[in-house]
Amino acid sequence: MKTAAVVKSDPFIYAVLFAVWALLVYSLNMKYEYFGKEFPSVAFEKQSPQAVQKSLTDAIVNSRRALASEKNREKQCTIAAAVGATYFQIFAASNNALYRDSSETFCVTALRLDSTIGVAHYLLGEIALSKSNQSAAVSYYEKEASQFATSSLGVTPNGLYNAKDPTTRMAAMFSNLRLAFLYSTAFVDGQKAQGKFNAYLSLETDPQRRQSSVQQIQKYWKTQTK
Amino acid sequence: MNKTKAASKPETAAKKPLFLAVSQSAWVKFFICLQLLLLAVQFTPDLSTNGDDARYYLLGKSLHDGQGYRQIQHPSKPIENIYPMVFPIMLAIVHFISSSIMLAKIAQGILGALVTLLAFYLFKVYSKSLILPMIALCATCATLSQFGASLMSEIPYLFFSLLALLLYEKSIADPKKAWLFWLTIFISIFPMHCRSVGLAFSVSWVLATFISKKYRYMFAHIAVLAVSVFIYHKLTTWDNSYVVLILQRNTYNPELGLATPAELVTRVFQNIQEYSTHIIQRSLIPFEGPPALIVLTSISCVALIFVGWLRSMFGPMKVLSLYTCVYFGILLMWQTQWSSERFVAGIIPFLYFFLLQGVETLLTLAFGKREKSLKETLTALIATNREAPLSSKGIVWALTVLLCLSNIVFQINFSKTLKSLGPDWKNFYSCADWMRNNTPKSTVVMNRKVELFYVRSQRQGVMYPYSHDVNNVMKVIDTSGVDYVVFDNFYWTSTTRQYLYPAIEAFPNRFQMVYALNNPPTAIYKVVKQ
């Protein structure tokens, strides 16, 4: 009789067990939002500066470790440039000059290892501009822009972006934009400004940013014409 | 009342505590709790990167939304012809409560635990001594947990096949109940409509009922199955795509054409080698170790399963043996790149049972009571379904504990990798996020994983054709009204590089890059309309 009672109570016990399990799993995962967890770049833009700083600091610690243990010169160069870029992002978020200096150190290190490394010239241009050294900035931006062939899609026979990856492309694009503004303001040269802006447009992929840049540069050019 | 008491006496005696004074029922509850715990450890609230689960989820959503059995992720919303209907219908029912993926996955987890419970009630009919070790193995099985934690049709398939077999045994024991008979027949067609490999279930059902002269079960099954297939055909214009998939040399390169009979034979042998030396081990006893040990374990498993299978074949469990045999027959025809644990998952409880029965048979032969000759011993063993001597039970349990530990450790390690996406997937999803944030809802995107991309981006999509002809790819882009293409960099497939990339390269003026990510290089190109 006792066994029969146990067997009869089984469905109820299992129903309760499954319900408890379902509630437990739900409560453990309820804060998860499927569309709330966006992936790399999209999520990056929406993070708060503190969160950005924390994740970047972690990235730097890891990269420095990787740099210390890396023997390959080419990889060392890539890592140094990446650390330089990350330090610059922290500087942009925090406005702390110490991060800018660190960024400069790593960018120079990267260029010493490989003078053609992408991004480093652009970052040094940004650093120079933040120090109000516009002539040095122009020099760096020019080097960055001239390294990149604007006619290419970023395709190489070995695959997409092996040599001209999106980051390099973006660096060249922003360098051209900076130059267009600098040649429109600090070092006025209409022809150069027009040429650099056209080069920027050929690389621009974001329609909203393109629209905004066109409006801004036209504002400068209209002021100069007046 | 007295009669009831008298009838319950032998049952009570049979259900006396096995060891440690704990009843069989309590042990089953313990194993179910353990299984639920392992499922909770592996649980992730979103879809896996498999792609099939997203497809099932969307088919369920389509049914729930009243759009019919259609591929809502495709711009023309065609009727689904390949994926069977049972699992999407179950998901559609869950959709009535909530469209949350998490809820569907919780329901799937519970179904996984119910599979263990059903296995207990079914195999209790066949063997008393092996039932608890078998349930312990089912509850801790890493492969079953993997599918219990994802929206795949393996677990529902197993659920319905076990339920049909259990009902069959109940119906045979109580043939006067007409409702039980028709319920059995109704459920017996579910495996076929849950997974295409369920054809094995129906074939073995017909064979087993024919051999055991249960003709009404055979004819009723054939009739109900024929009606259901006819209705399904009318509803979905079911085509022969599945047969073509089996006959193709390589589905990911259809230009290679269909396999010749000689190639099909070679494929069968390649699959036998793959299943017997690796996949069976990974499915039943997953562990990392030296290749030689893995091969040895896998072959030993297959040998023991074969012994157990033979004993069942000539004993009272013909239907199980026939089913496993026909099931593997279909698996061996499958293209070799698809051979994996996934296809074994549908019969894992049967394989564990045969494995344990194989061990028990060998132990009984070695240490049990002997007849005058080996032939008589074997006959007695099969005819009476004689149990192993008590001392041998310890060995069976020791082996069970070892296998359970292997599965538990593997699951805990696997759960860590399950919860983190690889960089290729992160970039792919980032592209989906970009599409959702920057494009209108009517946008059509060509990409490698249309279903997953649709769930995340809410943008319909098409797959590029597996064709080396760039004009053919461009034709699909133009005729399908594709607005964007996603150049992914999945490490597990090179189809985008093989088929989509040459078209981008050949027509640079037709593609304008709008979003790009590095590590690994991934990009969205806007299609310039002509």
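**Reading a predicted two-chain model**

Q: In which helix is the place of B:Ile395?

A: Helices (H or I, at least four residues) and strands (E, at least two) are DSSP runs, numbered from the N terminus. B:Ile395 has its place in helix α20 of chain B, which covers residues 390-418. This is a predicted model, in which local features need pLDDT of at least 70 and side-chain atom pairs count only at pLDDT 80 or more, while totals for chains, interfaces and linings use all residues. Residues are numbered from 1 along each chain as its sequence is written, and chains are lettered from A and ligands numbered from 1 in the order in which they are written.

Q: Why does B:Ile395 count as partly exposed?

A: A residue is buried if 20 or more other C-beta atoms, placed from the backbone, lie within 10 Å of its own, exposed if 12 or fewer, and partly exposed in between. B:Ile395 counts as partly exposed because it has 15 C-beta neighbours inside 10 Å. B:Leu405 also lies in helix α20 of chain B, and it is partly exposed because 13 C-beta neighbours lie inside 10 Å.

Q: How are B:Leu405 and B:Cys141 placed along the chain, and what separates their C-alpha atoms?

A: B:Leu405 and B:Cys141 are 264 residues apart along the chain, while their C-alpha atoms are separated by 9.7 Å. For B:Ile395 and B:Phe147, the separation in sequence is 248 residues and the C-alpha to C-alpha distance is 30 Å.

Q: What is the mean pLDDT of chain B?

A: The predictor's confidence in each residue is called pLDDT and runs from 0 to 100. Chain B has a mean pLDDT of 86, with 90% of its residues at 70 or more. Over residues 1-15 of chain B, pLDDT stays under 50. For the complex, the predictor gives a pTM of 0.71 and an ipTM of 0.83.

Q: In the largest nonpolar core, which residues touch the most other members?

A: In soluble globular proteins, nonpolar side chains tend to be buried together. A nonpolar core is a set of buried Ala, Val, Leu, Ile, Met, Phe, Trp, Tyr and Cys residues joined through C-beta atoms within 7 Å. The largest one here has 137 residues, of which B:Met134 and B:Ile135 touch the most other members. Helix α5 (residues 101-126) of chain B gives the most to this core, namely 12 residues. Apart from it lies another core of 44 residues, including A:Tyr122 and A:Met173.

Q: With which residues is B:Ile135 in contact, leaving aside its neighbours within four places in sequence?

A: Two residues are in contact if their C-beta atoms, placed from the backbone, lie within 7 Å. With those neighbours left aside, the contacts of B:Ile135 include B:Val28, B:Phe31 and B:Phe120.

Q: Which strands of chain B pair with β5(B)?

A: Two strands pair if DSSP finds at least two bridges between them. Strand β3 (residues 484-487) of chain B is antiparallel to β5(B), with four bridges, and B:Tyr484 stands opposite B:Lys526. Strand β4 (residues 511-517) of chain B also runs antiparallel to β5(B), joined by six bridges; here B:Met513 has B:Tyr525 as its bridge partner. Strand β5 itself spans residues 522-527 of chain B, and five of its six residues are buried.
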